[in-house]
Number of protein chains: 2
Amino acid sequence: MEEYKELSPSEFFYRNKEIAGFSNPARSLYTAIRELFENSMDACELNEILPEIVISLRKVGERQKTEIYRLYIQDNGSGIPKKHILNALGKMLFSSKYVIRQSRGTFGLGGTMSLLYGQITTGKPVKVVSSTGNSQIHQYVFKIDVRSNQPKIYSEKSYRNYRKWRGTIIEFYLEGNYPKAMRYIINYFKLTAAITPHADILFLDPYGTMYYFPRTINKTPQPPKKIKPHPHGIDLELLKTLIERSPSHMTVKEFLVKSFHRVGSSTAVKFLKYAKIRPDTKLGDLDDTLIDRLYTALTSYDGFIAPNSDILSPIGEDVLREGITKEFRPEYIDTVTRPPSSYRGHPFIVEAALAYGGEIPGQAGDITLFRYANKIPLLYDEGSDVSYIVLERLKQSYRISSDKPLAIFIHIASTKVPFKSVGKEAIADAPEIEREIELAMRTLLRNFIKYRRRVVRKREAVRR
Amino acid sequence: MEEYKELSPSEFFYRNKEIAGFSNPARSLYTAIRELFENSMDACELNEILPEIVISLRKVGERQKTEIYRLYIQDNGSGIPKKHILNALGKMLFSSKYVIRQSRGTFGLGGTMSLLYGQITTGKPVKVVSSTGNSQIHQYVFKIDVRSNQPKIYSEKSYRNYRKWRGTIIEFYLEGNYPKAMRYIINYFKLTAAITPHADILFLDPYGTMYYFPRTINKTPQPPKKIKPHPHGIDLELLKTLIERSPSHMTVKEFLVKSFHRVGSSTAVKFLKYAKIRPDTKLGDLDDTLIDRLYTALTSYDGFIAPNSDILSPIGEDVLREGITKEFRPEYIDTVTRPPSSYRGHPFIVEAALAYGGEIPGQAGDITLFRYANKIPLLYDEGSDVSYIVLERLKQSYRISSDKPLAIFIHIASTKVPFKSVGKEAIADAPEIEREIELAMRTLLRNFIKYRRRVVRKREAVRR
Ligand SMILES: Nc1ncnc2c1ncn2[C@@H]1O[C@H](COP(=O)(O)OP(=O)(O)OP(=O)(O)O)[C@@H](O)[C@H]1O
Ligand SMILES: Nc1ncnc2c1ncn2[C@@H]1O[C@H](COP(=O)(O)OP(=O)(O)OP(=O)(O)O)[C@@H](O)[C@H]1O
Ligand SMILES: [Mg+2]
Ligand SMILES: [Mg+2]
């Protein structure tokens with residue numbers, strides 16, 4: 001007899017945690033650190049706060065093949081409002097990032113999964129302290145009830161916030177394997193620091209080594225902005241939901257202007273003429289046939305303005321160049337920013353760099369690929385990432401012969417990065433994105449070849 | 001002001017459908033067909049029924065760059081009990097496969113996601129007809145309420161089941177791109193038929209072409225069996241849950257024997273001696289310290305018998321050989337079955353084959369990799385799959401020079417296949433699994449090299 005059963009979201013992700021990046025003790029330790037760090041960076045950058053983040057990882061126990069650590073992370077970000085603290089980190093699929101805006105977080109899973117991983121490997125509750133800078137600091141000690149996807153409070157306290165502190169502190173215990181994960185964790189911070197010079201990051205590791213990445217720029221990057229959906233980013237279900245949530249007496253013209261990104265009055269009128277729907281039709285009078293026609297027209301009409309890329313927050317070519325130079329001291333560096341584009345109604349920008357020689361890792365002729373998405377360094381799953389696929393293809397046609405190692409850096413900033421899994425380590429090969437990455441790489445490779453020819457010619461001229 | 005929000009599982013997977021394989025119209029059509037087909041195969045094989053499955057895909061409309069299809073699938077499987085029909089296909093994270101047993105399905109998502117994809121691209125409800133072979137056949141027409149993760153009934157009917165029909169029929173509409181997906185869909189069925197000679201499969205495509213894969217064996221494979229968790233497959237959270245669900249007066253020795261796979265009385269006693277816990281301790285008297293000690297001991301004790309691989313349902317070397325021979329008519333074929341192994345308490349078996357020449361696709365010297373997991377052909381994401389990574393590494397050390405194309409087939413059967421994402425297209429590189437795949441491939445490659453040498457020597461002997 002088959003056993004039919006329903007799982008809560010926390011039971012589902014607990015059962016399938018490897019899909020979220022918690023596949024073995026070393027990788028889980030890496031994932032927990034990066035997910036919490038990314039939450040802190042979002043909490044700062046989305047609010048134009050210069051980030052100050054401290055992460056401390058200390059060994060507190062040993063098992064047969066793994067170690068138990070205490071992980072402590074503190075930020076000076078926005079903090080979490082009292083009423084949301086427990087849900088934010090004690091409930092899966094609870095998030096402030098379910099809006100159309102560029103951010104590192106997107107799924108509503110990472111922080112809660114990390115804390116759950118600690119709970120299932122050590123049995124200890126977690127401590128979260130947070131304040132939005134108001135008169136109170138709130139502290140909760142809790143566990144996650146996996147069956148019901150709810151936080152279970154062990155204790156709660158509030159303190160007077162005398163010094164108007166604002167930020168979040170998380171402290172919990174988890175099993176991991178730092179010796180095996182160390183290289184990835186340190187690289188993650190190095191690659192992050194290279195592109196976030198406005199952030200002050202301190203990582204204290206179990207060996208007592210302090211990795212400090214001081215702030216070198218006192219200006220926050222332009223924060224990303226929230227937008228409404230673009231007509232090319234919707235499906236029939238979303239259209240019906242948007243219609244249902246609007247007053248039935250509203251006209252379809254007003255609805256289009258109110259609901260969609262960059263659809264003004266005249267665009268709406270032109271579009272409705274194309275769709276053969278009267279602009280003054282009330283939403284309440286739209287039957288299924290008309291809604292279907294509206295939807296088909298929305299996806300096929302080519303008169304909509306492309307999504308606005310000013311709402312994105314790219315790294316910036318200067319920051320990219322200076323960060324790579326500081327980190328790798330290359331002999332040659334070139335950067336390129338592709339014109340903004342969009343994928344299914346989501347604006348995106350590709351920024352890229354090529355660096356040669358100096359302390360670029362690898363052997364002569366190697367091309368190391370460094371990938372970023374929404375300012376997150378991606379260190380795993382290279383083989384299935386669109387940037388890797390494009391680079392491998394270009395290596396065939398460009399036949400780069402280089403006497404020193406090369407590195408290519410790719411960053412994609414978007415309101416929705418098409419990650420291949422909730423582990424956020426590889427980007428799917430969406431055609432528009434693939435095209436921009438290819439054009440960026442071609443430009444960099446061509447420029448590099450020209451540079452090499454000049455260098456070789458100079459050398460030969462000197463020889464004669 | 002940040003907008004904090006909770007999503008239901010259906011809202012979450014709707015928003016992130018590309019992670020489940022619904023990334024573009026061609027891929028979505030492929031995913032919908034395979035997910036529903038895999039449900040039908042499970043419904044037959046798990047119940048020792050010789051599968052008879054009919055899939056019909058017919059074009060019913062056109063949009064600018066895509067087409068609208070009606071997808072109809074019928075099987076003679078177990079059917080779904082009346083009370084579970086709507087939840088099985090109208091609710092996410094509802095499944096009969098949340099048990100420890102080998103099956104194609106594992107997430108409780110695939111069927112429901114496919115129907116939801118149809119709903120969001122066409123707005124039409126779905127029709128499901130099912131009977132478990134009893135006196136009634138039930139028909140439901142419904143949609144999925146994405147906000148609440150619930151089915152919304154449009155109509156329900158029951159019919160007298162005069163001919164004791166048993167099975168399930170699903171009919172719905174979805175947007176897709178068959179011209180682009182066709183090659184993958186046909187290959188999927190061909191590769192499935194090659195390893196399931198007991199299945200009778202008919203696919204009728206939009207061009208009116210009939211792809212018929214008749215049954216050639218009248219015997220069902222040994223069905224997989226359900227098992228309890230193995231001690232090496234648990235974490236502290238699961239241990240606590242198992243303890244809480246057992247009567248508090250039960251002794252810890254009885255608890256171990258009752259709760260775990262292949263833990264008998266004497267094993268339990270030996271283990272508890274190692275864990276320094278008295279066998280007659282009542283579960284109710286286990287405090288957190290003792291539970292922690294019990295857990296640490298369970299994961300480190302090496303005296304547990306390995307998981308039983310008889311509960312798996314491999315393809316079988318004969319079936320593998322005959323299926324590949326029938327499909328590709330190679331000049332040379334070799335098969336190998338690795339001894340059973342286990343990964344985190346989950347038993348698994350690797351079966352592999354190498355075929356050369358004949359109608360094997362590709363150029364001379366190419367090695368095409370065909371991957372299967374729990375009898376599902378995996379056609380996407382090759383670059384991140386463990387089998388691909390191993391093969392690429394072995395190509396370096398074996399330097400195969402072949403005058404004709406080669407193919408390597410890999411099948412992994414397990415109670416839990418470590419898929420990299422809910423799209424089930426690539427397998428993660430778990431060390432124990434990677435090792436078995438490598439040993440299987442090494443054996444095949446060595447045997448092939450010996451064969452080639454004999455052939456070459458014979459040819460030279462003939463020449464003299
Ligand atoms: N350090 C922090 N400061 C402020 N808010 C935070 C912090 N950490 C978490 N949050 C809040 O908790 C929510 C849930 O975090 P979580 O990491 O689980 O999901 P997410 O960041 O929204 O998405 P993702 O799964 O992609 O990381 C966030 O959306 C944010 O609102
Ligand atoms: N054709 C069918 N015959 C019998 N039962 C079915 C059929 N299709 C679906 N079911 C039932 O519905 C449940 C849900 O199916 P669904 O495809 O959504 O998830 P799953 O198969 O359990 O997991 P996965 O997401 O990995 O496919 C199945 O577990 C099974 O019990
Ligand atoms: Mg997060
Ligand atoms: Mg399924």
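Q: Are the two partners A:E436 and A:R338 buried or exposed?
A: In this predicted model, the side chains of A:E436 and A:R338 meet in a salt bridge, with N and O 2.6 Å apart. A residue counts as buried when its relative accessible area is under 20%. Both A:E436 and A:R338 fall in that class: they are buried.

Q: How many residues apart in sequence are the parts that the pair A:E436 and A:R338 ties together?
A: Let's start with the bond itself, a salt bridge of 2.6 Å from N to O. A:E436 sits in helix α12 of chain A, while A:R338 sits in the loop between β11 (332-337) and β12 (341-343) of that chain, so the pair ties together parts whose separation in sequence is 98 residues.

Q: Which residue of chain B forms a salt bridge with A:E18?
A: Side chains of opposite charge can pair when their charged atoms come close. For A:E18, the closest N and O atoms of the pair are 3.4 Å apart, and the partner is B:K416.

Q: Why does the pair of A:E18 and B:K416 join two chains?
A: The two residues form a salt bridge with 3.4 Å between the closest N and O atoms. A:E18 lies in the loop between α1 (9-15) and α2 (25-45) of chain A, whereas B:K416 lies in the loop between β16 and α12 of chain B, so the pair joins two chains.

Q: How far apart in space are B:R393 and B:E438, C-alpha to C-alpha?
A: B:R393 belongs to helix α11 of chain B. In sequence, B:R393 and B:E438 are 45 residues apart, and in space their C-alpha atoms are separated by 9.3 Å.

Q: What is the distance in space between A:E11 and A:S148, C-alpha to C-alpha?
A: A:E11 is part of helix α1 of chain A, and it is buried with a relative accessible area of 11%. A:E11 and A:S148 are 137 residues apart in sequence, yet in space the C-alpha distance is 8.1 Å.

Q: Which helix of chain A holds A:R446, a member of a patch of positive charge?
A: The patch gathers A:R446, A:K450, A:R453, A:R454, A:R457 and A:K458 on the surface. A:R446 has a relative accessible area of 41%, so it counts as partly exposed. Its place in chain A is residues 431-463, helix α12.

Q: About how much accessible area do A:L204, A:M210 and A:Y212 have together?
A: A:L204 is in strand β9 (residues 200-204) of chain A. Its relative accessibility is 35%, so A:L204 counts as partly exposed. A:L204, A:M210 and A:Y212 form a nonpolar patch on the surface, and their accessible area together is about 300 Å².

Q: What is the phi of B:D381, roughly?
A: Most residues other than glycine have a negative phi. B:D381 lies in the loop between β15 (376-378) and α11 (386-398) of chain B, and it is partly exposed at 21% relative accessible area. Although B:D381 is not a glycine, its phi is positive, at about 55°.

Q: Is B:K424, another residue with a positive phi, buried or exposed?
A: B:K424 is not a glycine, but has a positive phi of about 50°. You can find B:K424 in the loop between β16 (406-414) and α12 (431-463) of chain B. Its relative accessibility is 4%, so B:K424 counts as buried.

Q: How many disulfides does the structure hold over all chains?
A: A disulfide is a covalent bond between the sulfur atoms of two cysteines. Among the cysteines, A:C44 is buried at 0% relative accessibility, and B:C44 is buried at 0% too. Over all chains, the number of disulfides is 0.

Terms used. Residues numbered from 1 in each chain as written. Chains lettered and ligands numbered in written order. Predicted model: local features only at pLDDT ≥ 70, side-chain atom pairs only at ≥ 80, totals over all residues. Heavy atoms only, no water. Patch = residues over 30% accessible without salt bridge, like charges linked within 9 Å, V, L, I, M, F, W, Y side chains within 5 Å. Areas by Shrake-Rupley, 256 points an atom, 1.4 Å probe, with all protein chains shown as cover. Salt bridge = Lys/Arg side-chain N within 4 Å of Asp/Glu carboxyl O. Lys, Arg positive; Asp, Glu negative; His and termini not counted. Charge placed at Lys NZ, Arg CZ, Asp CG, Glu CD. Helix = DSSP H or I, 4+ residues; strand = E, 2+ residues; numbered from the N terminus. Buried < 20%, exposed > 50% of the residue type's maximum accessible area, 1.4 Å probe, protein only. Disulfide = S-S within 2.5 Å.
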